Amino acid sequence: MDRIDRKLLKRNSDGKVECRPAKRIKKSESAEDDLNVQNNPILIIPYTWKIEEVIADELHVAKYVVNDVIELLDQENTIPFIARYRKEKTRNMEVKKLYELKESYENLTVVKKKIQKLGQTIKTAGKLTSDVINTLSNIKTLDEYVELAAPFKPADKRSLAERARQLGLEYSALKILESKHCDLQTCIKPGTKGLSNLTDVNVGIQRIIADVISKDLVLVQQINDYLQQSDVRIESNKSKAATKKEIDETSETFNRAVHHINPNLKFENYYKFNMPVRLIKPHQVLAINRAEQAKILTVKVIIPTTVYNRFTSFCENKWVRSQINPDHRKLLETSYNDAWSRLLEPQFCRKIRSQLTKTAEKASIDVFVSNLRQLLLTPPVRGKVVAGIDPGFTHGCKVAVISPTQDILHTTVFYLPYKGKSCSNDKKIRDIMLEYRCTIIGIGNGTASRETESLISKMISRGAFQPLDVKYCIVNESGASTYSITAEAAEEMPNLDENIRSAVSIARRLSDPLAEYVKIQPQHLGVGMYQHDIGGNKLSNALDDVVTECVSFVGVDLNTGSETLLRKVAGLNKTTAKNIVEWRSLNGPFQNREQLKSVKGVGPKSYEQCAGFIRILVHDENKSKPSEKETKQEVKRKKSAVNTSRNYLDMTCIHPESYNIATSFLEYIDEPLENIGHSQLINKVKKFSDCSALQKLADELKCGLPTLQLIYDGLSHPLDYDLRSEFQTPLFRKGLSSFSDLKAGTILTGRVTNVVHFGAFVDVGVGHDGLIHISNMKRTTLHIGDRIEVIVQNIDCERKRLGLMLSRLL
């Protein structure tokens, strides 16, 4: 039985309880809806959109695929795991698009939560109507949410409008706004600040009306629409402070040497800059922002007068009536002019700047992520002894020689000729190279790099290292000094000076770039564009994601991988990586992936996510040797609890969940597990390279084609296969050219060191990177590490700028 309101119950003449009819109250349908909304204790916004539909339209992906990916994300699966081992559900979606889908899903989820909370806040304030709910239900972005939430935020008590309200002028202001009669003389209170005369009263009412107009949701939306159709421009000029500084610097007392390296010159393109907002490039936005923050530029957004004219027309149509009092009409006109100049125009200018910055930052992050991926996937120099040189004048050039297995063989310091001091280093360098049979030299690209390169180049040209065929390479040393003073570096190289650690890092960046670069905070690697100007966690999260992606897809040897490298594997973290290293030192090398489950902190989910990205490669020392600290009972208990038998599939990228299918595949081609990586097995596997043959086998084995394709890839590669071998190798040289020797038309070969929106920077061996402007790239997409041939276009010796044109990819 339905519950009956006790207020409707009464006793009749016989003493029995009966229900009396409730009084009928006539209301309009809208008013009834608003009352129901206010009385409803639990507010649920009836959204007009669904997350999966919005994402499907935005990314042009089938709705059912979006649903499957969202389900995988809700199950706390990592993107690398989804991309590699759930291709049946993602329909082979690219990693980049998976990250975009994840970001959209997270943003839309946040929007829904914020809208729900805002609706409850508005309801509590008694301002929730069916119109507001309709508006709430259509919001899809955080920008839309911010605009809607603004009118419902608690007013700032220090605002001009709020001060006027505190004086009791709101009632009169709303009367005038509704074109109703109102005698303002009654508001005058002599001796009260803000009410002492009619002028003060008019000013207070004007501020209240301006505030109301600026928060009108329909008006704000109309202006947004007008701005989308208008030629809004951004203008920048040299600031007075920058002009004054330059005047001071060119005075007689100023050192002219400093003038030639004036850092402000890099922004001279923006001293008289004017461009439509819709055409401005991301790098231009970030450059203007940086110069404005440094007080080099003054920046303003120019909104065309047509937008203001449409604004005034809207205000007149909505609030100005024909029968209105002439004085009130004049007050209304003053109010909406005040609303535009003081509130709305600055608000929309800030919004336009904010949107430009967000778009530019996103583009900058995309460039950084792309560049970082190329840098991390640089092929390692395998099987070579490598010498790393961290150049310097005052403290000398630090040298570290490392073995093919990253062990430090030798360290020393030599000095370059500096400030008139002569030094003889040839014999010292030659003896080190010959003693350790070192044929590869990595020279850091910092201070004194050019002088060090010249020294090594001259030694190579006169045969100083004979019979060794020595080559050198310029290495990006960004972040090496920062890492060398960290606690992690001190723990890894406790007996080395901080300066020598930088040389070790430079050498290892050639020997195994991925393992070394993951130790550095990605922001310090110097392959981005204005990355240090980007605030918040977006950049760091995006960079962490790409590091995890690269480390996972390349794979990590569970028995040799460092703690720093292991923590970047999908499914692992700082704690589990530390526990793995401790387990390894206590129990000896891992014999199979299954043993990973016995590591503290590695539960079923962690194991599922990371298992396919780790390898158990064969090593001579791979015999489980327990620590002396363990008792015989502990060893016995562990051996009985953990399977220590070898599984040869652990050496591949095949996930343990697919081992039964992989075993069936091997049985089908009549090959044992022990032959994995051998040429005989590889040749048999490659007979299924045709897609139709692989599909037929997938049907027989009752598995999806993407899963079988992954098994095929894992079995068709030799055990030493490295994903990075498919990328461009570092560019090694035996000699160098001089900047002064260059002339227009000279053809050079070089390596791309950085890619930005306006072009690509190229190391052509003259000590300063040249720039290929995007207009000279012949519609070719370049990546970090690409080896190319270029033609010199123009040379600016004073500013050390070199303009290049792409000739061809090598």
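In which kind of crossing does H16 pass H17? The crossing is right-handed, a label used when the near helix is turned clockwise from the far one by less than a right angle. The model is predicted, so to speak of local features takes a pLDDT of at least 70 and side-chain atom pairs count only at pLDDT 80 or more, while totals for chains, interfaces and linings use all residues. Residues are numbered from 1 along each chain as its sequence is written, and side-chain values use heavy atoms, with hydrogens and water left out.

Helix H16 covers residues 305-319 and helix H17 residues 326-376; helices here are DSSP runs (H or I, at least four residues) numbered from the N terminus. Axes are lines fitted to C-alpha atoms over the stretch in contact, and angles run from 0 to 180 degrees between N-to-C directions.

As for aromatic rings, the structure holds 14 pairs, counted when ring centres of Phe, Tyr or Trp (its six-membered ring) lie within 6.5 Å; planes under 30 degrees apart are stacked, over 60 edge-to-face and the rest tilted. Phe311 and Trp340 make a tilted pair, 5.2 Å centre to centre with 35° between the planes. Since Phe311 sits in H16 and Trp340 in H17, the pair ties together parts 29 residues apart in sequence. Both residues are buried, that is, under 20% relative accessible area with a 1.4 Å probe, protein chains only (exposed is over 50%, partly exposed in between).

Notes:
Helix = DSSP H or I, 4+ residues; strand = E, 2+ residues; numbered from the N terminus.
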